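Please read this briefing beside the sequence and the three-dimensional view.

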Amino acid sequence: MPEGPVAQVGLVLIAHVAALAEGVRTLAAQMAPEVDIRAVGGTDDGGVGTSFDAMLAAVTSVLADVAPDEGAGEGARGGAGVAVLYDLGSAQLTAELVLETLDPGQSDRVLLVDAPLVEGAVAAATTAAGGAGLAEVAAAARAAYVPTPAAGEAETPETPEAAEAEKRVEAEVRARTTLRNPAGLHARPAAALAHLVREYDARVTVGRPGDPGVAAAGVLGVVAQGLRVGTEIEVAASGSDARAAVDAVLALADAGFGELDEETPAVASPVPPEQAARPEQPAAAEPAATLGPEPGTLRGVGASAGLVVAPVRHLRRTEPRLPSTGGPHDPAAERRRLVAAVDQVNAELGNRAAGGGSGADIAGAHQAMLADPALLAGAEARLDQVTPAEVAWWGSVLEARDLLAGGAALVAERAVDVEDLGRAVLGALGVDVRPSVRPEDVARAVVVAEEVFPSDVAALGEAGVAGLAVARGGRTSHAAILARGLELPMVVRLGPAVLDVPDGTPVVLDARTGQVRVDPPEAELTAARRAARDLATGRERARAAAAGPVVRPDGTPVTVSANVGGRAEARAALAAGADAVGLLRTELLYVDRPRLPGEDEQAAELGAVLAELGDRRAVVRTLDVGGDKLLPALDLDPWRHGPLGVRGVRYAFGHPDLLRTQLRAVLRAAYGRGEVWLMAPMVTVAAEARRFRLLVEEVAGELAAAGTAFARPAKVGVMVEVPAAALVADEICAEVDFVSVGSNDLTQYVMAADRTNDAVGDLYQPGHEAVWRLLATLVDAARSAGRHVAVCGELAGEPDAAVRLVRMGVDELSMAPSGIPDVKAALRSRLG
């Protein structure tokens, strides 16, 4: 991986008012924390004006920090140095006096830049952060505002070097795209973006068209922009790898930063589908807590389903007690302490990320946040002889937290994560950051808090807390995601009223409806306890029985399968009681890869997944790209390869080498494993099904002729996602052994409502009668032809819909592993 560029140019920003100079410095430093930027504002006594001594001190200090290029001669304006920007002409006069005072070797490394102070400082800082020389940095600042020349007047660059720098700035690579992933650029996609751009020798920024943009390598700055799904963004890059970097970012964005998924619900959670909020809807749409229809009822938003009756225990958090800033401190020693503490927390997060489970992805996102250069740079900028590491770090954390808290709701939720990380580092530095309650205080209690951190949820879950009632928060917060993974009932957005409930007060927390009943009558408490016990008993029975089969009254089995994409999901499927894998997505082997995996790599990875399943059957789907899966390794256009374009098997037939390679890998991976079925995605007409089956036979013949170990698929089938395929199911069933309905895609095509487009979200209705009528037509045709018929996706994982599908004649249901126990329980109780 190429090393990132090193800033060799520093900035001095001069203004007549100290607050103005410092404000511009803060803005520029946020976007380029690695650049040495000094603010000089006002007179020596704090008045409005300029200070010769302060300017001289700032310039000479920055000069001492930026070494000239090796081999660069005197006056090498293209190398290291200092760019000085100012607000008014009188500041320019004072700055010119400073230059006259410097030695020739120093003054040749300083440029006074006539540019708008704010825009110029931002442009200069971001350019310097990319490793540009002094002339290029100055040119970038000037380019922030280019006046229109008078008639006949020509613009003349200051020096030949500056002219060349201007050309390089003008040659900056820019491109635009639209965010496709449901939650936009929140922490995890921003972390993926930061990781990607650090692989290129380029300075990359991202933002809304027309805005300056922020450094793509800075997670917090990217998140703070609040870039949501459907937002057009502009990616800009300069440097030797500029074009490659921009292309890579566009590909990552088109692929939805690895967050787009076809057959599982967009939010995996035990919340019933009718209660689950679509991730593409803004969290701001969640209602604030209100009084319910009865006195003593608080209404919020259910974030993790469940029903509990328990007394209240308040989780209160105070500001950390930091050491005094008085007394001498060694800045270098304090920096070493801080770096060691950050490394300790990073290692702990790495262990959590490697451990898997519901918190692994969140731990990885927190690692990326902690690696954001702005956090550490902000602390280092505060270190001086009287500032200990704890104070400097906490100041930087609060600055980043407040920046995020001022953004849109989804962005604001990440402010909690930053504070959580900040407190973890303070803990590693020896500061007591424990909350007000001990684990033994919260066992079997409903914990009430203004906000909870992800680390709180993990600790409270281990302590045996009964539920969480939170004044703020949201369903998409990392704390809520962890609560769902732990099956810990949680209601958020209850408002400040919940904070007034006294400790010990009995409450009924119903996270299914988002209600909290405060101190209800004893009869109501008794009824709620009984309902909670019934729910818990039903859930435990469903889990215990999940491994067993589901059989219709006539004795024929119903296969309840899982959708998986890797080994971890395969293990989760077995633990949840899956009878088989009804959808093994092979495209996940391609996600976030700049190059296509080869045949051997695919065979090895698929073989490892199949090995996890033992003798259970697996249905392998060939590469499904296009639509909302525009993978980085493939040159896919959002229009040409969109939902109605060249996607699925259409793309595969257009790239036969890619398809043949994958088929060879699947057949090789199947050797010595359990039963493997193979299917093609996005089939529209019977001719495509026939062509796919013939190609599978050709590849099997090639492997046999070469003496390569392989296994033919036990059955070959297709996915039915296109209404036309459902309407001619009799023709398609004549060509294949089975059909599997992709209910999510079929719904969006039947309803003409893109499931990733919030503007038509109300029309995306998997349970609409039009969808059911089409399914009935398909199932009747498949049953008449004697073909196995499966349904996967959101519809299959909803218990009521699952019962209706099986009564209709569906043989198999495939869903996210977490939905299997409830679906099996519903089928057993209602099919008789």
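**Salt bridges and their setting**

Glutamate 172 and arginine 174 form a salt bridge in which the closest N and O atoms are 3.1 Å apart, a salt bridge being a side-chain nitrogen of Lys or Arg within 4 Å of a carboxyl oxygen of Asp or Glu. The model is a predicted one, in which local features need pLDDT of at least 70 and side-chain atom pairs count only at pLDDT 80 or more, whereas totals for chains, interfaces and linings use all residues. Residues are numbered from 1 along each chain as its sequence is written, and side-chain values use heavy atoms, with hydrogens and water left out.

**Salt bridges**

- A search of the whole structure finds 34 salt bridges.
- Glutamate 172 is partly exposed at 28% relative accessibility, and arginine 174 is partly exposed at 44%; on this scale buried means under 20% relative accessible area, exposed over 50% and partly exposed in between, with a 1.4 Å probe and protein chains only.
- Aspartate 600 and arginine 668 meet through their side chains in a salt bridge of 2.9 Å, N to O. This pair links distant parts of the chain, since aspartate 600 lies in helix 21 (residues 599–613) and arginine 668 in helix 23 (residues 656–669), 68 residues apart.
- Helices here are DSSP runs of H or I with at least four residues, and strands are runs of E with at least two, both numbered from the N terminus.
- Aspartate 600 is exposed at 54% relative accessibility, whereas arginine 668 is partly exposed, with a relative accessible area of 24%.
- A salt bridge also joins the side chains of arginine 664 and glutamate 702 (3.9 Å, N to O). Arginine 664 lies in helix 23 and glutamate 702 in helix 24 (residues 686–706), so this pair ties together parts that are 38 residues apart in sequence.
- Glutamate 702 is partly exposed, with a relative accessible area of 34%.
- A network of salt bridges links Glu599, Asp600, Arg660, Arg664, Arg668, Glu698 and Glu702.

- Four strands make up an open sheet in the order 5-8-6-7 with antiparallel pairing, where two strands pair if DSSP finds at least two bridges between them.
- The edges are strand 5 (173–178) and strand 7 (214–215), each of which pairs on one side only.
- Strand 5 pairs with strand 8 (residues 232–238) in the antiparallel sense over six bridges, and arginine 174 stands opposite alanine 236 in strand 8.

**A helix crossing**

- The axes of helix 27 (residues 743–751) and helix 28 (residues 769–785) come within 10 Å and cross at roughly 115°; axes are lines fitted to C-alpha atoms, for helices over the stretch in contact, and angles run from 0 to 180 degrees between N-to-C directions.
- Leu746, Thr747, Val750 and Met751 in helix 27 meet Ala770, Val771, Leu774 and Leu775 in helix 28, contact meaning heavy atoms within 4.5 Å.

**Cysteines**

- The structure holds zero disulfides, a disulfide being a pair of cysteine sulfur atoms within 2.5 Å.
- Cysteine 733 is buried at a relative accessible area of 0%, and cysteine 792 is buried at 0% relative accessibility.

**Serine 324**

- Serine 324 sits in the loop between strand 12 (307–314) and helix 11 (331–354), where this serine is exposed at 55% relative accessibility.
- Leaving aside neighbours within four places in sequence, serine 324 is in contact with His329 and Pro388.
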